[in-house]
Amino acid sequence: MTKPTEAGFSAPKFLTVDEAAALLRVNRKTLYELIRLTQLPGVIHIGRSIRIRRDALLAWRPGNGGPALGENR
């Protein structure tokens with residue numbers, strides 16, 4: 001079940017890439033790249049459409065997955 005928001009409307013369980021980008025305040029191209037690299041949780045492909053589970057996105061804690069400057073992995 002979705003929880004009602006302050007305005008009385010329920011928040012959607014699934015977001016489009018544009019909605020998720022707005023929620024995270026990042027460029028949509030950034031999200032498409034994270035999806036391509038399979039680094040974004042809750043991604044669902046429905047045909048050619050992409051939806052992202054809102055609860056997985058809000059629980060996601062992106063870390064600094066890259067090596068530090070001068071560090072070789």
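Predicted model: local features only at pLDDT ≥ 70, side-chain atom pairs only at ≥ 80, totals over all residues.
Local features were taken at pLDDT of at least 70 and side-chain atom pairs at pLDDT 80 or more, whereas totals for chains, interfaces and linings use all residues. Residues are numbered from 1 along each chain as its sequence is written, and side-chain values rest on heavy atoms, with hydrogens and water left out.

Helix α2 spans residues 28–36, and its buried residues are Leu31, Leu34 and Ile35 (buried: under 20% relative accessible area; exposed: over 50%; 1.4 Å probe, protein chains only). Helices are DSSP runs of H or I with at least four residues, strands are runs of E with at least two, and both are numbered from the N terminus. Viewed down the helix axis, the buried residues of α2 fall within an arc of 100° (from the directions of the axis to the C-beta atoms), so they line one face. The face turned away from this buried side carries exposed Lys29 and Arg36. The cover over the buried residues includes α1 (17–24), β2 (43–46) and β3 (49–53).

After the helix comes Thr38, whose phi is positive, near 55°.

Turning to the sheet, 3 strands are arranged in the order β1-β3-β2, forming an open sheet with antiparallel pairing. Both β1 (14–15) and β2 are edge strands with a single partner each, so one side of each has no neighbour in the sheet. Strands β1 and β3 pair over 2 bridges (pairing requires at least two DSSP bridges), and Leu15 stands opposite Ile52 in β3.

Note on methods:
Contact = heavy atoms within 4.5 Å.
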